Amino acid sequence: MTTLFRRKAVAVAFAALALTLAGGGIAVAQPAAQAPAEVAQPAARQPGSGSQPAVTPAEARKAKAALAQGPSALASAPGTVASAVVASNGTLLRGSPEVVSATRYGPGEYQVLFNYNVSLKAFHATIGTTDPYNVPPGGEISVAPRLQTPNAVFVQTRSSSGNASDRPFHLVIAN
């Protein structure tokens with residue numbers, strides 16, 4: 001009797017294996033299909049694509065000069081914050097003394113430059129109004145360390161539908 005159950009167990013195991021391979025397992029065994037050329041990522045960077053614009057030599061010089069200037073002794077101490085309010089056209093409206101400049105690269109793409117290394121700090125950005133009496137426009141915002149620039153952050157703003165769109169914003173760097 002035990003031999004009968006063993007044979008059935010082996011048959012059931014092989015049947016389960018065969019069904020697995022016939023179902024999803026074959027897809028894993030097939031070679032990956034090549035993507036058509038029109039689907040491949042384009043060589044040129046598309047604004048709002050999630051990638052950052054390249055740092056120009058002039059921007060690199062400006063960033064190094066800002067780092068050389070350096071912050072005040074208390075500016076980058078733990079527990080302090082640096083802040084910036086930037087208009088939708090990339091104009092720096094106001095900010096803490098550590099903020100050097102703001103730059104708009106394209107629709108919804110900005111850089112905010114500081115006079116100290118912010119690459120390991122905590123960033124917080126929000127769509128914000130640039131005057132005290134209006135509600136900010138709806139939208140989305142992302143902030144990340146700036147590519148090859150330790151004293152800058154890269155900000156992307158989008159409309160509520162997810163398209164790259166110029167939006168005013170407020171930025172805080174927690175030290």
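These are my notebook entries on what I looked up in a predicted model of a protein.

**Entry on the elements.** I began with the secondary structure and found that the protein has two helices and eight strands.

**Entry on the whole chain.** I then looked up how much of the protein is buried, and noted that buried residues make up 30% of its 175 residues. For the accessible surface I recorded about 10,600 Å², of which 61% belongs to carbon and sulfur atoms. Turning to contacts with a separation of 6 or more, I saw that residues 24 or more positions apart account for 61% of them.

**Entry on the core.** Which residues have the most contacts inside the largest nonpolar core? I listed Val86, Val112, Phe114, Val153, Phe169, Leu171 and Ile173, in a core that has 16 residues. The elements that give two or more residues to this core are strand 1 (81-86), strand 3 (99-106), strand 4 (109-114), strand 7 (152-158) and strand 8 (169-174).

**Entry on the aromatic rings.** My search of the whole structure found two aromatic pairs. One of them joins Phe114 and Tyr116, with 6.3 Å centre to centre and 70° between the planes; I noted it as edge-to-face, because the angle is over 60 degrees. Are these two residues buried or exposed? I found that Phe114 is buried and that Tyr116 is buried too.

Technical notes. Residues are numbered from 1 along each chain as its sequence is written. This is a predicted model: local features need pLDDT of at least 70, side-chain atom pairs count only at pLDDT 80 or more; totals for chains, interfaces and linings use all residues. Side-chain values use heavy atoms; hydrogens and water are left out. Rings of Phe, Tyr and Trp (its six-membered ring) pair if their centres lie within 6.5 Å; planes under 30 degrees apart count as stacked, over 60 as edge-to-face and the rest as tilted. Buried means under 20% relative accessible area, exposed over 50%, partly exposed in between (1.4 Å probe, protein chains only). Helices (H or I, at least four residues) and strands (E, at least two) are DSSP runs, numbered from the N terminus. Contact means heavy atoms within 4.5 Å. Accessible areas come from the Shrake-Rupley method with a 1.4 Å probe; for residues, only the protein chains shown count as cover. A nonpolar core is a set of buried Ala, Val, Leu, Ile, Met, Phe, Trp, Tyr and Cys residues joined through side-chain atoms within 4.5 Å.
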